[in-house]
Amino acid sequence: MEVKARAPGKIILSGEHAVVHGSAAVAASIDLYTHATLTFPTSPEHEDMLKLQLKDMALEFSWPISRIKLAFSQLGVPFSSKPTTCSSESLKLIAGLIEEQSIPEAKVALASGVSAFLWLYTCIQGFRPATVVITSELPLGSGLGSSAAFSVAISAALLAFSDSIKIDLRRPGWLDFEELQLDLVNKWAFEGERIIHGKPSGIDNTVSTYGNMIKFKNGNLTRIKSSMPLKMLITNTKVGRNTKALVAGVSERNIRHPDAMSFVFNAVDSISKELANVLQSPALDELSITEREEKLGELMEMNQGLLQCMGVSHASIETVLRTTLKYKLASKLTGAGGGGCVLTLLPTLLSGTIIDKVISELETCGFQCLTVKIGGNGVEFSNGSS
């Protein structure tokens with residue numbers, strides 16, 4: 001028995017950092033996915049192991065089911081039909097299971113993701129032997145929602161083989177979950193994100209689950225339906241950054257310059273609201289699409305200027321901005337800044353030759369370039385034959 005699930009990554013179109021201070025933000029899914037394949041052995045009595053394979057990391061973890069039972073028996077059976085938060089006691093037990101695996105020091109940051117996997121698996125599937133294989137098109141730690149896509153894909157695959165969700169795995173191709181099923185996937189994925197990040201906003205897992213776009217303000221998430229086809233170039237500077245330090249830096253600047261920063265945050269709020277309105281306005285013809293893309297480009301550039309005011313840009317980001325500006329293309333950082341990724345809007349009428357030139361220049365700087373479509377499907381599932 002086998003089921004597959006895939007969940008998309010995300011970008012922040014506007015509002016990062018300012019959202020912490022009450023401004024609106026807009027996020028969207030991208031057509032880069034994390035895939036989870038769940039396989040149960042045909043003869044469980046001959047295969048009493050739970051295995052997790054992280055193909056892109058060349059890592060494999062395996063635990064005897066008896067070992068997992070022993071660890072969790074101290075807490076009682078954790079099975080639950082409702083999304084359950086991992087307690088500190090459970091997290092300590094899971095940490096012991098992971099320490100036995102001897103993760104290479106260079107990849108020890110993956111331990112939180114493995115912890116999330118063990119919690120989700122045991123809660124949803126109990127003590128069944130299985131193999132879970134993870135592959136991803138998303139670069140890790142670059143602000144594209146890789147951890148959320150991981151949590152969503154795993155939750156979806158596990159729930160597809162549970163009593164909580166009834167789906168028909170006989171149908172071919174990638175299929176959508178129903179609305180109530182998506183809600184359950186999203187809530188479980190959020191519990192996985194809690195283990196990985198501590199206090200996630202819920203933006204990343206919501207976008208990955210439902211797809212398309214969302215507007216987020218003061219804890220309220222509003223799904224946005226957009227019929228506007230958007231294409232972006234994502235430039236991964238490959239410069240790592242400390243998200244907590246960057247968030248703290250913006251807060252400190254706000255303390256030092258409260259009046260000025262208040263204007264900055266209000267301006268970002270206005271940009272996010274206008275951007276959401278532009279995305280939702282009907283596209284009647286090629287001219288209106290071009291006009292909307294021009295508005296989006298201007299809003300992105302204004303947002304980038306405000307992010308620079310917040311102090312979260314970086315030399316690598318500025319290099320991308322200068323390169324794309326030569327071709328009159330609008331760009332902005334996405335996510336925490338301080339490195340990470342930069343978005344560049346690729347207008348519908350932009351020639352492929354220009355895109356190739358931009359990518360060539362950026363790759364010469366050592367950056368990774370990814371061309372993506374914005375606002376596509378959320379999490380999907382398929383049977384093992386797809």
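Reader: How many cavities of 30 Å³ or more does the count come to?
Author: The count comes to one cavity of 30 Å³ or more. A cavity here is a set of points on a 1 Å grid over the protein atoms alone where a 1.4 Å probe fits but cannot get out. Volume is the space filled by probe spheres set on the points, with points joined across faces, edges and corners. One caution: this is a predicted model, where local features need pLDDT of at least 70 and side-chain atom pairs count only at pLDDT 80 or more, while totals for chains, interfaces and linings use all residues. Residues are numbered from 1 along each chain as its sequence is written, and side-chain values use heavy atoms, without hydrogens and water.

Reader: Thanks! What lines the largest cavity?
Author: Its lining is Y210, G211, N212, M213, R223, I224 and K225, where a lining residue has an atom within 4 Å of a point. The space inside is about 40 Å³. By type, the lining has three nonpolar, two polar and two charged residues (Ala, Val, Leu, Ile, Met, Phe, Trp, Tyr, Cys and Pro are nonpolar; Asp, Glu, Lys and Arg are charged; the others, Gly among them, are polar).

Reader: And pockets? What volume does the largest pocket have?
Author: About 1700 Å³. A pocket is an open set with protein on both sides within 12 Å along at least five of seven lines. The largest pocket has 48 lining residues, with S147, E193, H197, D204 and T243 nearest its centre. Of the lining, 22 residues are nonpolar, 17 polar and nine charged.

Reader: Nice. Where does the largest pocket lie?
Author: Between domain 1 (2-222) and domain 2 (226-371), because both give residues to its lining. Those bounds come from an automatic or database domain assignment.

Reader: Which element gives the largest share of that lining?
Author: That is α4, with four residues. Helices (H or I, at least four residues) and strands (E, at least two) are DSSP runs, numbered from the N terminus.

Reader: What about the second largest pocket, which residues lie nearest its centre?
Author: E293, E294, K328, L345 and P347, out of 13 lining residues. The volume of the second largest pocket is about 230 Å³, and helix α9 (residues 286-310) gives the largest share of its lining, six residues.

Reader: Switching to helices: at what angle do α1 and α2 cross?
Author: Roughly 155°, with the axes of α1 (residues 65-73) and α2 (residues 88-99) coming within 9 Å. Axes are lines fitted to C-alpha atoms, for helices over the stretch in contact, and angles run from 0 to 180 degrees between N-to-C directions. The two helices are therefore roughly antiparallel (over 145 degrees).

Reader: And how close do the axes of α2 and α3 come?
Author: Within 10 Å, crossing at roughly 115°. That makes α2 roughly perpendicular to α3 (65 to 115 degrees).

Conventions:
Angles under 35 degrees count as roughly parallel, over 145 as roughly antiparallel, 65 to 115 as roughly perpendicular and the rest as oblique.
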